[in-house]
Amino acid sequence: MTTAPARTPSAPTRTPPDPARLRAAVEEYALAFRATALAMDRPGADPRTLNPVVHDAYFPVLLGLPPAYNPDPLIVDGRPCHLHSCVERVVVYERLAWGDAALMVAAPGPSLSGVLTEELGDDDQKERYYTTLAARPTWTFFALTEPHAGSDATALTTALTPAGAGDPGSYRLSGVKKYIGNAVRADLGVVFARIKPGPVGVVAVLVEPDRPGFTATALPTTGMRAIGLSEVRLADVPVAASDILGMHLSATRRGIVGAMRTFNRARPVVAAMALGVAQAAWDYAATHRHALRAAESQVMEGLRRRLAGTRRLVLAAAGQADRDPGDGTVASAAKYRAAELALETSEYALRLFGPGARLEHPLLDKFHRDARAFEFMEGTGAVQRLNLALGHRKGRILDD
Ligand SMILES: Cc1cc2nc3c(=O)[nH]c(=O)nc-3n(C[C@H](O)[C@H](O)[C@H](O)COP(=O)(O)OP(=O)(O)OC[C@H]3O[C@@H](n4cnc5c(N)ncnc54)[C@H](O)[C@@H]3O)c2cc1C
């Protein structure tokens with residue numbers, strides 16, 4: 001794709017545009033995503049070569065660079081829209097994930113590492129990060145999970161150690177990270193590592209994968225095949241003090257606390273993508289399965305209502321994340337509900353087509369396989385329910 005939606009340089013806006021109009025503004029991208037969804041689902045498919053949209057230099061800008069690095073934003077209703085707020089992002093990510101959720105995660109752009117850099121980075125680090133991303137389509141990664149430290153991130157063991165007396169201000173990074181999206185194709189990313197014992201002894205560092213000692217290997221997956229889920233091995237990777245995010249902040253703000261605030265802002269977006277898959281499965285069934293029996297119509301109507309309700313919840317979670325990223329209660333509720341709905345809707349849609357549905361309706365088969373990933377991304381269902389219980393006990397519930 002060589003043409004982008006109409007755009008002109010102008011100042012950022014603070015009021016989010018009407019969701020329906022924002023959705024319409026990215027519709028051509030959603031359709032382009034859908035056009036390659038099955039091709040991208042083949043094992044080994046590479047978004048860098050297969051989908052023309054992600055080659056469009058404009059696309060990463062569409063995914064939300066801060067206004068200072070994006071003089072050419074999307075225009076909706078004659079007003080600039082930088083997709084920098086969570087409320088704007090959930091609308092756009094849902095629609096693009098409707099096209100192909102895996103390609104959405106596999107796309108170039110800031111993604112989670114951008115949210116973290118914005119949360120923790122100093123001015124020079126932000127400049128370095130966003131200048132790289134603004135220059136060309138750039139893939140990024142966010143490496144927190146380890147083979148034995150997933151839900152409990154405080155148990156991570158990847159180590160950041162001083163290089164030695166002869167090399168002050170230099171460090172070495174060693175350990176193993178697992179299930180890291182896009183690491184096999186990334187140009188830049190963040191790695192969480194322990195610099196000292198204890199929960200506040202964790203930091204995040206900016207790393208380019210072309211440094212010596214960095215190896216990323218693709219892991220085979222059943223769903224979300226395009227995302228290049230990887231294992232990352234770090235063997236004495238050189239790190240400079242200027243790579244460590246948040247050194248200008250207190251020890252309690254950087255590291256795991258930074259990761260949690262990042263998750264609170266990212267979970268509504270993951271929820272939106274799950275919702276996109278749920279809507280895609282529902283639309284597929286409604287379009288291709290004619291003459292539903294009364295009981296089937298009833299279930300489809302129930303799912304349609306839950307899609308609408310979950311969309312409201314996701315928007316509310318995004319609004320809360322924009323107001324206070326320290327509170328992830330509603331974000332957890334939205335992510336849990338949307339992940340559940342994606343799985344249920346795609347499962348029911350498959351059932352509507354009877355035996356052989358997976359073979360005869362490969363797109364629906366893909367929606368169902370992709371839907372399973374949302375249970376794990378940005379924390380499992382059990383973790384979301386624990387967050388929700390904690391938030392409830394603290395009185396953090398929606399009042400409208
Ligand atoms: C598609 C995909 C993309 C991903 N992308 C990334 C990425 O880019 N970067 C990254 O760092 N990670 C990524 N992950 C990893 C993801 O964050 C982890 O899978 C997730 O945090 C769970 O960790 P785990 O797999 O180690 O499971 P575990 O933490 O070992 O959990 C196993 C089971 O135990 C349950 N459980 C764990 N703790 C509790 C508890 N306290 N109470 C009750 N039940 C509990 C869980 O719900 C789960 O069912 C990705 C995963 C997937 C599937």
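The following questions and answers go through parts of a predicted model.

Student: Which domains does the assignment give for the chain?
Tutor: The bounds come from an automatic or database domain assignment. That assignment gives domain 1 (19–107), domain 2 (141–243) and domain 3 (256–393).

Student: How much area do domain 1 and domain 2 bury between them?
Tutor: The C-alpha centres of domain 1 and domain 2 lie 27 Å apart. Their contact takes 12 residues from domain 1 and six residues from domain 2. Of the area buried between the two, 60% is on carbon and sulfur atoms. The total is about 810 Å².

Student: What are the helix and strand contents over residues 142–237?
Tutor: The UniProt annotation "domain: Acyl-CoA oxidase/dehydrogenase middle", from an unreviewed entry, covers residues 142–237. The end C-alpha atoms of this stretch are 16 Å apart. Its content is 0% helix and 45% strand.

Student: What distance separates the end C-alpha atoms of helix H14?
Tutor: Helix H14 covers residues 362–373, which is 12 residues. At 1.5 Å a residue, H14 should span 16 Å.

Student: Is Ser332 buried or exposed?
Tutor: Ser332 sits in helix H12 (residues 329–352). Its relative accessible area is 0%, and the cut-off for buried is under 20%. Ser332 is therefore buried.

Student: Which side chain makes a polar contact with the side chain of Ser332?
Tutor: Leaving out residues up to four places away in sequence, Ser332 touches Arg267, Gln384 and Asn387. A polar contact of 2.9 Å joins the side chain of Ser332 to that of Asn387.

Student: Why is Arg289 classed as buried?
Tutor: Arg289 lies in the loop between H10 and helix H11 (294–323). The class requires a value under 20%. Arg289 is buried because its relative accessible area is 16%.

Student: Which backbone oxygen does the side chain of Arg289 reach?
Tutor: Not counting residues up to four places away in sequence, Arg289 touches Tyr284, Glu296, Leu352 and Phe353. The side chains of Arg289 and Glu296 are joined by a polar contact of 2.9 Å. At 2.8 Å, the Arg289 side chain reaches the backbone oxygen of Leu352.

Conventions: Residues numbered from 1 in each chain as written. Predicted model: local features only at pLDDT ≥ 70, side-chain atom pairs only at ≥ 80, totals over all residues. Heavy atoms only, no water. Helix = DSSP H or I, 4+ residues; strand = E, 2+ residues; numbered from the N terminus. Buried < 20%, exposed > 50% of the residue type's maximum accessible area, 1.4 Å probe, protein only. Polar contact = N/O pair within 3.5 Å; in protein donor to acceptor, adjacent residues only side chain to side chain. Contact = heavy atoms within 4.5 Å. UniProt positions renumbered as here; feature names shortened; annotations may be inferred. Expected span 1.5 Å × (residues − 1). Buried area = accessible area lost by both parts, 1.4 Å probe.
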